[in-house]
Amino acid sequence: MTFTSWQFGIFVAIVFGAYYLPPFRTLQTQLLVIASLFFYGYGQPELLPLLAVAVFGTYLFLILALRNRQIWLPIGIAFNLALLAFFKYKFLFVVPTSPSFVGVAPIDFLLKLPLPIGISFFVFHNISLLVDLTRQKSSPPDLTSVFLYIIFFPQLVSGPITRAEMFMPQIKPKYFGEIPFVEASKWILTGFFFKLYVANNLNEMTSYMDFPLYETLQTQDRWLLVFLYSYQIYADFFGYSAIAIGLALLFGYRLPVNFNLPYASISFSEFWTRWHISLSSWLRTYLYVPLGGNRHGPFRTYLNLMIVMGLGGLWHGAGLSYLMWGLLHGFLLVIERPFISRLQSIDSTVFRAARITFVFVCVTMLWIFFKLPNFDHAIGYLSGMFTSSTNPNPPKLFYNLALLYSLPVMIQHLASRSLFERTLRGAEPYLYGLMVALMYLEAGPETSFIYFQF
Amino acid sequence: MQRMSVVQWFAKCGFSAVTLLLACGFATAWFGNGLQLPSTTTRDGALITLNRYAKEPIPDVVLVGSSLTFRLKEEYFATPRLRNLALAGGSPVTGLEIVANQPRLPRIVLVEANVLSRPTDTALVERYSRSVDAEPVFFRPIRTAVAAYESWVHAPLSHTQVSFALSRLLAQPPSDFDNRIYADRALQQFNAEDPTLAARMNIKRIEQLIPAVEQRGARVLLFELPYSDQLEDSRSAKITREIVHTKFPDPERWLHIDSTRRELRWADGVHLDERSAVIATQSIERALTSLLGPR
């Protein structure tokens with residue numbers, strides 16, 4: 001059940017209607033847990049037991065780790081990482097179409113299971129739960145609250161990755177009168193607009209980036225499509241995160257903001273404080289800092305950055321392209337680091353614009369490894385950007401359509417905040433209304449959210 | 001007070017949404033869906049052609065086929081009332097089904113028999129088999145604006161407008177473009193593919209549709225566009241040819257295209273280049289003359 005399906009709309013309406021009824025006031029958490037299980041099981045019911053194993057297992061290790069953190073915390077983390085590694089990387093070693101793998105029915109059954117949707121996200125929630133609560137030495141939470149934290153449906157499939165210490169205190173009775181309707185609606189409408197109008201329409205064009213279609217492209221169109229994909233992946237993931245934040249607000253929960261105009265970053269380190277913020281702050285808190293962060297000299301800092309970004313790349317998928325994407329981002333962070341304070345000291349608008357452009361172009365080029373997880377295809381695409389095309393019948397792309405569908409991302413990044421917050425404040429509801437109409441009239445063909453695959 | 005402002009916010013939001021929807025609704029009712037949407041994909045390209053077919057007067061001749069026939073542009077033909085409904089990446093059966101489901105039929109339907117390995121696009125068939133009442137209520141404002149601009153800048157050409165350019169093109173020697181990379185890849189693909197099952201299913205459906213169409217007064221002819229020598233001997237081409245000729249052995253069922261092979265080129269290994277497409281078009285027209293009678 002995806003956020004853009006009518007089934008999801010009915011599901012949310014029913015759960016929302018029941019959630020604030022007085023008889024359910026004391027059962028709100030349970031209701032959300034049941035709704036989240038239904039949401040998850042709707043598409044992959046065979047994977048519900050796995051979700052249960054992950055939650056029950058994490059809860060058990062949490063109870064044990066609260067008694068003896070030193071022993072049980074690493075085991076609890078290892079349990080979750082093993083789950084992630086098994087499902088994410090098993091197809092590196094087994095052929096999915098093979099009729100039998102080891103000849104033992106239960107193991108064959110496990111090996112044949114598809115990648116559970118959202119596993120990368122709920123495993124990170126589990127680890128955050130173990131680390132945060134055992135660090136606080138708080139009393140163990142009840143099982144329902146743990147369930148809700150891990151499987152809360154707006155964030156279950158693709159985040160934002162919420163830290164336990166931020167989410168758990170929010171679990172308490174919610175009242176209809178406290179719902180920030182306008183704020184929630186703004187998030188939800190913006191999210192749907194970016195997904196339906198921008199991402200789905202651009203996806204029609206960027207499908208030409210797939211192998212072997214990209215071989216038919218003219219050189220300038222290869223360049224254009226990389227930039228369109230950059231806008232698409234932002235609109236797609238920002239859209240999903242915005243819908244998740246808005247939905248959570250309707251149920252009385254505040255999820256962390258996941259994007260803050262990433263393509264306006266003036267450095268690579270700033271980019272990672274603006275793009276997929278919940279993942280980068282998770283990696284910083286639970287990986288970079290425990291590895292030593294920047295506390296052991298420059299060499300160790302650079303090594304830590306490369307390790308964190310490399311693992312961050314592999315978190316997205318078992319492929320050389322994802323590893324390369326992560327490592328190249330790590331490399332950019334490393335080479336930028338010694339010069340960052342000197343660059344910051346130059347106070348010039350032109351220089352600032354040049355830095356934003358440079359960061360945007362580099363980040364955009366690296367999305368090729370994301371779009372084409374097959375490393376050879378990614379390299380093939382990349383090299384074709386620097387050689388002239390020989391195909392006599394290249395596909396025609398409409399540049400005016402590309403511009404019109406990318407425009408919301410450009411306006412969001414380029415227009416100053418004061419334009420929206422002061423000058424256009426009175427027109428705000430009308431603008432959201434136009435977005436509603438446009439997302440209906442101009443919705444591109446249905447495609448799943450890019451981050452669902454992770 | 002706070003609640004009131006929330007209500008106001010939603011009222012204003014709803015007002016502008018409804019206003020834009022109504023504006024598009026009225027514009028659609030007034031102007032219709034006639035503006036051709038620009039294609040961002042081959043499917044969109046097919047929609048443009050099919051929209052025209054559904055809205056304009058029924059032509060004398062219709063071509064259905066795959067991307068091979070798609071290259072034979074309508075303006076290459078001197079025959080005035082001819083439509084090419086070939087679908088790039090699609091099956092000839094899709095086009096034939098759509099033609100057969102229309103209330104009125106053309107005099108001649110030409111069915112390309114080269115590529116029969118693709119399934120029928122049932123969504124497309126269903127869409128163009130509905131009555132006119134099922135047209136969308138609203139047009140897409142952005143695409144319509146772009147369509148208007150594109151129609152203004154690149155209006156479709158008639159045969160008269162391009163005939164001089166076509167004559168010049170034909171006067172040139174065949175292209176010497178080195179297509180070895182593309183040809184080898186195409187051959188590899190054609191040899192890897194076994195179209196038996198799909199081709200049998202498609203041929204069975206064509207066999208059912210032909211009498212249904214011919215009972216209503218149209219004539220259906222099959223035709224094969226020439227492949228390069230390499231591809232003619234490929235596994236996929238041979239299997240398809242054998243299946244289709246076994247089912248339709250009667251030469252009367254075929255439109256014979258007699259173009260000089262040495263003049264033809266396949267720039268990407270599979271599809272005729274522009275000059276060759278014009279040559280193939282002229283061959284089809286020569287064969288059609290006897291069927292259509294003097295114009």
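At what angle do the axes of helix α15 (residues 320-336) of chain A and helix α17 (residues 349-371) of chain A cross? The angle is roughly 160 degrees, and the axes come within 8 Å. Axes here are lines fitted to C-alpha atoms, for helices over the stretch in contact, and angles run from 0 to 180 degrees between N-to-C directions. Angles under 35 degrees count as roughly parallel, over 145 as roughly antiparallel, 65 to 115 as roughly perpendicular and the rest as oblique; α15(A) and α17(A) are therefore roughly antiparallel.

The model is predicted, with local features requiring pLDDT of at least 70 and side-chain atom pairs pLDDT 80 or more, while totals for chains, interfaces and linings use all residues. Residues are numbered from 1 along each chain as its sequence is written, and chains are lettered from A and ligands numbered from 1 in the order in which they are written.

On the α15(A) side, the residues that meet α17(A) are Ser321(A), Tyr322(A), Met324(A), Trp325(A), Leu328(A), His329(A) and Leu332(A). Their partners in α17(A) are Cys362(A), Leu366(A), Phe369(A) and Phe370(A). Two residues are in contact if their C-beta atoms, placed from the backbone, lie within 7 Å. This contact has nine nonpolar, two polar and no charged residues. In that classification Ala, Val, Leu, Ile, Met, Phe, Trp, Tyr, Cys and Pro are nonpolar, Asp, Glu, Lys and Arg are charged, and the others, Gly among them, are polar.

Chain A as a whole has 21 helices and zero strands. Both are DSSP runs numbered from the N terminus, helices being H or I of at least four residues and strands E of at least two. The C-alpha atoms of chain A fill a box of roughly 65 × 55 × 55 Å along the principal axes. For 454 residues, a compact globule would have a radius of gyration near 22 Å, and the 23 Å of chain A agrees with that. The radius is taken over C-alpha atoms, and the globule rule is 2.2 Å times the number of residues to the power 0.38.

Across the boundary, 25 residues of domain 1 of chain A are in contact with 22 residues of domain 2 of chain A. On the domain 1 side, two or more residues come from each of α1 (6-19), α4 (69-89), α6 (119-136) and α8 (153-156) of chain A. The largest share, five residues, comes from α6(A).

Helix α6(A) also packs against helix α3 (residues 48-67) of chain A, at an angle of about 15 degrees and with the axes 9 Å apart. The two are therefore roughly parallel. The contact of α3(A) with α6(A) has nine nonpolar, three polar and no charged residues.

The remaining topic is the contact between the chains. It takes 25 residues from chain B and 20 residues from chain A. On the chain B side, α1 (2-31) and α6 (141-153) of chain B each supply at least two residues, and α1(B) gives the largest share, eleven residues. By class, the side of chain B that touches chain A has 16 nonpolar, five polar and four charged residues.
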